[in-house]
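Subject: Structure for you to look at

Hello,

Here is the structure I said I would pass on. Please open it beside this email and follow along; my notes come after it.

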Amino acid sequence: MTAFSYTIKPEIFSDHPDYVRGVVVFRGLDNAALHAEITQELRASEGALRERIQGNPAEFPQIAAWRDAYRKFGAKPSEHRSSIEALSRRVLKPDSLPDINALVDIGNLLSLRYVLPAGVHPISAGSHEIELRKAKTSDTFLAELDKDPEFMTPGEVVLASGGRVLTRRWTWRQAADTRTLPETNCVFFDIDGLAPTSLEEVQAAIADLKQLVGKFCGGECVGYAILDAKNPTMNVNLG
């Protein structure tokens, strides 16, 4: 058995005691085909977001909460926007999001549907022990495949595997070597719940995610959990 572990460190909950993150792990996926039905659902999510957010997206409660969270660890939200704010602003221009691949498109449509960050990462040989924590000076982040890795400023919230940062600034940007590709067949999704997003909304997003991935990518959901201050760790056997 190959073990996969995921932990949210205590310092995250010290600053955000009610924060939850849904983590869902899949294997044996087929991510090679594009699906017109996913595109239709993505367009529907875009339309619903445009109806829901009529004014400045920065003032919408679910987005404003992430701006406040970014300020707390020293990021400027006008320069480094959470993934849900970046997606929302693009859709509200209005633009349509491009089809990338089934797994990425599913993450995007769920982000818009529930107005929360939802992202997908491939699970590789070097990413079996995952932590959401604050950065260390020894951590590195690969912004571009053909460039040297960047070093982190301590205190920034990062998703990491060992000293390798997978995502900077909580939900801002994934590393260049963590992109989900058509050949990707084993992944984990993150679904974030920061008040006023409710636990029930995170649970509903997870249920939608499992249904969509099963329908369009096949494979198997080998484990999922909603991590919080009382239950900050999950462990899964990948087989």
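The buried residues of α2 are I38, T39, L42, S45, E46 and L49. They sit on the same side of the helix, because together they cover an arc of only 120 degrees around its axis. The opposite face of α2, turned away from the buried side, carries exposed residues: A36, Q40 and E51. Before you go further, note that this is a predicted model.

Helix α2 runs from residue 36 to residue 52 and has 17 residues. From its first C-alpha to its last it reaches 24 Å, close to the 24 Å expected at 1.5 Å a residue. What do the buried residues of α2 pack against? They pack against three helices: α4 (83–91), α5 (102–114) and α6 (199–217).

**Helix α4**

In α4, the buried residues are I84, E85, L87, S88 and V91. Viewed down the axis of α4, these residues fall within an arc of 165 degrees, so they line one face of the helix. The cover over them includes α2, α3 and α5.

Are the two partners buried or exposed? E85 has a relative accessible area of 1%, so it counts as buried. R81 is at 32%, which means that it counts as partly exposed.

**Helix α3**

Helix α3 covers residues 61–72. Its 12 residues should span 16 Å at 1.5 Å a residue, and its end C-alpha atoms are 17 Å apart, which agrees. The buried residues here are Q62, I63, A65, W66, R67, A69 and Y70. They pack against α2, α4 and β10. After α3 comes G74, which has a positive phi, near 95 degrees.

With a relative accessibility of 9%, Q62 counts as buried because the cut-off for buried is under 20%. Leaving out residues up to four places away in sequence, Q62 touches R52, V115, P196 and T197.

Now select A195, in the loop between β10 and α6. A195 has a relative accessibility of 53%, so it counts as exposed, the cut-off being over 50%. How far apart are A195 and P61 in sequence and in space? They are 134 residues apart in sequence, and their C-alpha atoms are 8.6 Å apart in space.

**Salt bridges**

A search of the whole structure finds 20 salt bridges. One of them joins D190 to R21, with the closest N and O atoms 3.4 Å apart. This pair links distant parts of the chain: D190 is in strand β10 (residues 187–193) and R21 is in strand β2 (residues 20–27), 169 residues apart. D190 has a relative accessible area of 5%, so it is buried. R21 is at 2% relative accessibility, and therefore counts as buried.

Another salt bridge is formed by R133 and D139, whose closest N and O atoms are 2.8 Å apart. R133 and D139 are both buried. This pair also belongs to a network of salt bridges that links K9, E131, R133 and D139.

**The largest pocket**

Why use a probe to look for empty space? Rolling a probe the size of a water molecule over the atoms shows where empty space is left.

The largest pocket has a volume of about 860 Å³. It is lined by 33 residues, and the closest to its centre are S83, V104, N108, W172 and Q174. Which elements give two or more residues to the lining? They are α4, α5, β3 (118–122), β9 (173–174) and β10. The element that gives the most to this lining is α5, with 5 residues.

Two of the elements described above come back here. The helix α4, with its buried E85, is among those that line the pocket. The strand β10 holds D190 and also gives residues to the lining.

Regards

Note on methods:
Residues numbered from 1 in each chain as written. Predicted model: local features only at pLDDT ≥ 70, side-chain atom pairs only at ≥ 80, totals over all residues. Heavy atoms only, no water. Helix = DSSP H or I, 4+ residues; strand = E, 2+ residues; numbered from the N terminus. Buried < 20%, exposed > 50% of the residue type's maximum accessible area, 1.4 Å probe, protein only. Contact = heavy atoms within 4.5 Å. Salt bridge = Lys/Arg side-chain N within 4 Å of Asp/Glu carboxyl O. Expected span 1.5 Å × (residues − 1). Arc of directions from axis to C-beta. 1 Å grid on protein atoms, 1.4 Å probe; cavity = no way out; pocket = protein on both sides within 12 Å on 5 of 7 lines; lining within 4 Å. Points joined across faces, edges and corners; volume = space filled by probe spheres on them.
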